[in-house]
Amino acid sequence: MRHLSALLLGCLGLLWALTAAPLRAAQPLDAIVAVVNDDVIVQSELERELALVIPQLQQRGTAPPPTQLRKQVLDRLILKHLQQQRAKQLGISVDDATLQQAIENIARRNGISVEELKETLEAGGIRFADFREDTRAQILSSRLQNQEVLGKIQVSEQEVDRFLAREKDRLVEREQVRLQHILVALPDNPTPEQVKRAEDKAKRLVVELRAGADFAAVAVRESDGANALEGGDLGWFEMGAVPTLVSDLAYTLAEGEITDPLRSPSGFHIIRLSGIKAAQPKDIVQTHARHILIRTNELVSDEDARQRLMQLRERLLNGEDFAGLARAHSDDTGSALKGGDLGWVEPGRMVPEFEEQMNKLAPGALSEPFKTPFGWHLLKVEERRNRGASEDLMRIKAREALQRRKAEEAMEEWQRQLRDEAYIEIRLEQEGEQG
């Protein structure tokens, strides 16, 4: 949901942008602009998504051609529909209470009330109902990705050892880099002519960028990458988490430097190193926690799991032993054998929903039942401690870097697989395309 805060700042220019003739004139309202399996995307949905995207672009001062903007936004909507379809197959949903909590958090981060958030959005021409559903879709996407991709990523101690032996010193010297990205895409099994055209385009863009063109504006206008509408901004990376294609160059590129075109199966990539953070190791806070997990399935609904944990919570408050109840009731067999003990947990080790609940609790406190992609949890914090910037911290950083590197590659492959397995017909501006 990182774009939602920027949305508030840019919404004043929205009315002008949405009434511009090129964006409105392409098709009659509610014409079908894409077919995604058994679902359709209609013109009004595309317009609503444009209403959420345009303020962000205005805030950054980028103005892509309307045709390119519509294509980028439609690609985003197609992926959104594919993920919603997959989530429905898996029984993943977002209830109204979770959605309301997320909206309250967004308002709080912007220093306003929910009512003020609603007024600000609607003053800029954005319906609050659209904003709510966009937020719901993002939470749903996050849960789906955690279950399908991120929750399956494992990093072994041997991988951490190899990482530290190879990259520890370099990681310390340059802790993080910020990257921008432009992709000139290639189709599957491209012909030599298609490869030549894509490479020529990438080389032309590099010349343009090195001559002083604004990278973000060129990315919005020309890139086929998933982050094109963010100006190609990929954000900050720990050094070990930098995508493999540019992992070596990230140590040597100067700030602001632009790579030559880099070839991968998906096309030609242009990378700009837009920022560097030097390493400054700090103490970290570790939490010793226990939990009881109830997984949902065809026989155990969300409400069943929550009620079971509420009953266990009542027994714990009445003095029963957490370890005994965990051994008897938890579906997390690994920790159940240890009385639900998770040991000392470092920041970033757990999924965000779990870590958020854990960080709220004082030592000795017991949570209410809460849900993550793995099921429903009851959590107790035993104690906390500070750990200095030592070898332990280096191992934590190495693990996080490896997890992020694997996640970046796994997510790209997963999204590509979703599209490859789907029937997609694009009807935008009368251009037929199937995949």
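Analyst: Strand S7 (residues 284-294) and strand S10 (residues 375-387) form an antiparallel pair with 11 bridges between them. The model is a predicted one. Within this pairing, histidine 291 has leucine 379 of S10 as its bridge partner. Helix H13 (residues 322-329) packs on the sheet and touches both S7 and S10; the direction of H13 makes about 50 degrees with that of S7. Helix H12 (residues 302-317) lies across S7, S9 and S10, and H12 runs at about 50 degrees to S10.

The sheet as a whole is open and has 4 strands, in the order S8-S7-S10-S9, with antiparallel pairing. Its edges are strand S8 (341-345) and strand S9 (370-372), each of which pairs on one side only. From one strand to the next, the twist averages 45 degrees.

Turning to the salt bridges, the structure holds 29 of them. One of these joins the side chains of aspartate 96 and arginine 136, at 2.9 Å from N to O. Aspartate 96 belongs to helix H6 (residues 96-109) and arginine 136 to helix H8 (residues 128-148), so this pair ties together parts that are 40 residues apart in sequence. Arginine 136 has a relative accessible area of 18% and is therefore buried, the cut-off for buried being under 20%.

Aspartate 130 meets arginine 127 in another salt bridge between side chains, again with 2.9 Å from N to O. Aspartate 130 is also buried, because its relative accessible area is 15%.

A further salt bridge joins arginine 395 and aspartate 161, whose closest N and O atoms are 2.9 Å apart.

Elsewhere, salt bridges that share partners join Lys201, Arg204, Glu208, Arg221 and Glu222 into one network.

Key. Residues are numbered from 1 along each chain as its sequence is written. This is a predicted model: local features need pLDDT of at least 70, side-chain atom pairs count only at pLDDT 80 or more; totals for chains, interfaces and linings use all residues. Side-chain values use heavy atoms; hydrogens and water are left out. Two strands pair if DSSP finds at least two bridges between them. Helices (H or I, at least four residues) and strands (E, at least two) are DSSP runs, numbered from the N terminus. Axes are lines fitted to C-alpha atoms, for helices over the stretch in contact, and angles run from 0 to 180 degrees between N-to-C directions. Contact means heavy atoms within 4.5 Å. A salt bridge is a side-chain nitrogen of Lys or Arg within 4 Å of a carboxyl oxygen of Asp or Glu. Buried means under 20% relative accessible area, exposed over 50%, partly exposed in between (1.4 Å probe, protein chains only).
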